[in-house]
Amino acid sequence: MHGRTNSLRENVWLACRLCYRQRMRQFLDFEKSVAELENKIDELRKMSGPDGINIAEEITRLSEKADRQLRTAYAKLTPWQKVQVARHAQRPHTLDYINALITEFAPLAGDRLFGDDKAIIGGVGRFKGTPVVVIGTERGAEIETRLKHNFGMARPEGYRKAQRLMKLAGRFGLPVLTFIDTSGAWPGIDAEARGQAEAIARSIETCLNVPVPVIATVIGEGGSGGAVALGAGDRVMMLEHAIYSVISPEACASILWRDPKQASTAADALKLTAQDLLQLRLIDRIIPEPLGGAQREPAAAIRAVGDAIAAELPGLQAKDPVLLKAQRREKFLAMGREAVA
């Protein structure tokens, strides 16, 4: 009973949070024409119509036009526009997925070595009744929570917390679900002093070695080693407009052209979209997003991710742990061999 009460409260919290974001909707540059139409629709809806004027037909006409323009825009997104969508502040974050998909969630804190890094959220709970360990990078939704979670950029203690939770999952035979949304690991001197590179490498090694299913989902931006640290899974999935790259387009442009304004050119070259990565066989599945991206209908996007995980998990659970681990390692070794060839 207590678990059902917590679940109900969390779902109500999630619904309120997502509705608030939708009311304060933010538009990207290529969505300006849609923004103008939706603003007109909002103005019409506020009209009471005391003189008997029927505005329903006009609202329907404008709504259909806005949908057509949105569909056209999202059917031909450039890689740089995909980067903007993936970074949209109103996309659902890791905590939104946890609150919607995981019941009886109990967060676990600390790496037992230094401290607790709030850029990485982790704990145990149930996914559709199955006990699981959940780990994800959390960016934060508003300025206060973004600062609290360090904009999703983890320090070494965050990756060591992830290692601890994955080993816990292996000990008790619990599948691991990871949610990736980070521009990369924290690049500060403090992180380097505490062994950032080693912590990321150990986290990747732990992903490869745990004898339980690991399903990694890129829900927004998958940046550099900070993303790969949680991404070495049996199944790696991406939302339709998410991105996954070895370096950010801005950083790549600064290195190659010494001009951050060349970021759009870098985005083209990096092959960072879900469609490119599926074609290169670096990911296993693309999860469709609602029209206009996950930021327009967060609840629908979260349900789609839940359905994709539910489709992949039973088959992985049925495998022998030794075989599962061997196939996971071979999967990533094959990527390296093909790249060299």
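Reader: Does Lys128 count as buried or exposed?

Author: This is a predicted model, and the values here are computed from it. Lys128 is found in the loop between strand 2 (120-127) and strand 3 (130-137). Exposed means over 50% relative accessible area. Lys128 has 58% relative accessibility, so Lys128 counts as exposed.

Reader: What is the phi of Lys128 near?

Author: Most residues other than glycine have a negative phi. Lys128 is a residue other than glycine, yet its phi is positive. The value is near 50°.

Reader: In which loop does Phe151 lie, and is Phe151 buried, exposed or partly exposed?

Author: Phe151 lies in the loop between helix 6 (143-148) and helix 7 (156-172). Its phi is also a positive value in a residue other than glycine, near 55°.

Reader: Which residues does Thr206 touch, not counting residues up to four places away in sequence?

Author: Thr206 lies in helix 9 (residues 196-209). Its relative accessible area is 9%, so Thr206 is buried. With residues up to four places away not counted, Thr206 touches Gln163, Met166 and Lys167.

Reader: What is the relative accessible area of Thr217?

Author: Thr217 has its place in strand 5 (residues 214-223). Leaving aside neighbours within four places in sequence, Thr217 is in contact with Thr178, Phe179, Ile180, Met237, Ile287, Val305 and Ile309. Buried means under 20%. Thr217 is buried because its relative accessible area is 0%.

Reader: Why is helix 4 described as roughly perpendicular to helix 12?

Author: Helix 4 (residues 79-86) and helix 12 (residues 263-270) pack with their axes 8 Å apart, at an angle of about 95°. Angles of 65 to 115 degrees count as roughly perpendicular. The angle therefore makes helix 4 roughly perpendicular to helix 12.

Reader: How do the residues of the contact of helix 4 with helix 12 divide?

Author: From helix 4, Pro79, Trp80 and Val83 take part, and they meet Ala263, Ser264, Ala267 and Asp268 in helix 12. The division is five nonpolar, one polar and one charged.

Reader: How much space lies in the largest cavity?

Author: The structure holds one cavity of 30 Å³ or more. Residues lining the largest cavity include Arg25, Phe27, His88 and Arg296. By class, its lining has one nonpolar, four polar and three charged residues. The space in the largest cavity is about 40 Å³.

Note on methods
Residues are numbered from 1 along each chain as its sequence is written. This is a predicted model: local features need pLDDT of at least 70, side-chain atom pairs count only at pLDDT 80 or more; totals for chains, interfaces and linings use all residues. Side-chain values use heavy atoms; hydrogens and water are left out. Helices (H or I, at least four residues) and strands (E, at least two) are DSSP runs, numbered from the N terminus. Buried means under 20% relative accessible area, exposed over 50%, partly exposed in between (1.4 Å probe, protein chains only). Contact means heavy atoms within 4.5 Å. On a 1 Å grid over the protein atoms alone, a cavity is a set of points where a 1.4 Å probe fits but cannot get out, and a pocket is an open set with protein on both sides within 12 Å along at least five of seven lines; lining residues have an atom within 4 Å of a point. Grid points are joined across faces, edges and corners, and a volume is the space filled by probe spheres set on the points. Ala, Val, Leu, Ile, Met, Phe, Trp, Tyr, Cys and Pro count as nonpolar, Asp, Glu, Lys and Arg as charged, and the others, Gly among them, as polar. Axes are lines fitted to C-alpha atoms, for helices over the stretch in contact, and angles run from 0 to 180 degrees between N-to-C directions. Angles under 35 degrees count as roughly parallel, over 145 as roughly antiparallel, 65 to 115 as roughly perpendicular and the rest as oblique.
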